[in-house]
Amino acid sequence: MKIGAVFPQLEIGADPRVVRDWTTTVEQAGYNHALAYDHVLGADPANRPGWTGYTDKSLFHEVFVLFGYMAAITTNLELVTGVLVLPQRQTSLVAKQAAEVDVLSGGRLRLGVGIGWNQVEYQALGVPFKQRGALLEEQVDVLRKLWTEPVISYDGKYHEIVEAGLNPLPGRQIPVWFGGSADAVLRRTGRIGDGWMPQSAPDDHARQQIATIRQAAEDAGRDPESIGIEARLTLAAVPEQDWPTFAAGWRDLGATHLCINTMNLGLTAPEDHAKLLAEVLPKLT
């Protein structure tokens, strides 16, 4: 099971030196990958009673720009979106950005995608919120064609491309993983996904979800064992003495990857995230 680190978006700040030091420390400590969340806009809660999501005070580095920076200061670290809110972005532009990151990093991008939940963000980006699930599935098909064929034509429900293509091409099919826990997500992962990104405990419910994915894969004529699983250990949500058990539980369920989240621990300085990650890894391997 490969172990990665969640980039502490909300607590690391905007100092590029801190971002650099976090990234290089994580790679030098032996982590396999760095995973970053995606949000473009934060909503001002002042006139939104009951708002519980991210706000305009929540700092998010733009993932493709961030990964371009990380690619230049690392050599082996895999770069993972966890997850990119794909339906609120233009598909061909995502294909271009992802291909560029993959090319410049030497093939180190893994694209985790999901439909998101933030209606405010969708509205501001000019995308209908209700069509996001159906749009996402067609987007993945378009992405994969653009990444592998020099010139494509595509006539879909949401996309029309006439004899056009990317240059440079990534030279491979960039892995596309799905985040989410709804049955539709699980079945979609089994049918067309390269992996699944749960955020739950390694319990019987997770076992049932994995079974749903594997059954959908078999029904689609795919090898269920070819589909990866990336669990997430949020250190603040699990007692410290249970961290190794949590990791072992997901390993027993067949997880191929585990990502460690250090946010919400009350760390007093941005650099403390990297320090803690270096201390935690030996306890989980």
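The exercises below, each with a worked solution, walk through a predicted model. Residues are numbered from 1 along each chain as its sequence is written, and side-chain values use heavy atoms, with hydrogens and water left out. Because the model is predicted, local features need pLDDT of at least 70 and side-chain atom pairs count only at pLDDT 80 or more, while totals for chains, interfaces and linings use all residues.

**Exercise 1. Find how strand S4 is covered and which strands it pairs with.**

Step 1. Strand S4 spans residues 109-114, where strands (E, at least two residues) and helices (H or I, at least four) are DSSP runs numbered from the N terminus. Six of its six residues are buried, that is, under 20% relative accessible area with a 1.4 Å probe and protein chains only, whereas exposed means over 50% and partly exposed lies in between.

Step 2. Taking the faces separately, Leu109, Leu111 and Val113 are buried on one side, and Arg110, Gly112 and Gly114 are buried on the other.

Step 3. S3 and S4 run parallel and are joined by five bridges, where two strands pair if DSSP finds at least two bridges between them; valine 85 has glycine 114 of S4 as its bridge partner. The chain passes from S3 through helix H4 (residues 91-105) to S4 in a right-handed β-α-β crossover, meaning that, with the strands pointing away from the viewer, the path from the first strand over the helix to the second runs clockwise.

Step 4. S4 is also joined by three bridges to strand S7 (residues 176-179), and these two run parallel; here leucine 111 stands opposite valine 176.

**Exercise 2. Locate two aromatic pairs and state how their rings are arranged.**

Step 1. The structure holds five aromatic pairs, counted when ring centres of Phe, Tyr and Trp (its six-membered ring) lie within 6.5 Å; planes under 30 degrees apart are stacked, over 60 edge-to-face and the rest tilted.

Step 2. Phenylalanine 7 and tryptophan 22 are edge-to-face, at 5.3 Å centre to centre and 85 degrees between the planes. Phenylalanine 7 lies in the loop between strand S1 (2-6) and helix H1 (9-12) and tryptophan 22 in helix H2 (residues 16-29), so the pair ties together parts 15 residues apart in sequence; both residues are buried.

Step 3. Tryptophan 51 and tryptophan 117 form a tilted pair, 6.1 Å centre to centre with 45 degrees between the planes. Tryptophan 51 is partly exposed, with a relative accessible area of 25%, and tryptophan 117 is partly exposed at 40%.

Step 4. Ring pairs link Trp51, Tyr54, Phe60 and Trp117 into a cluster.
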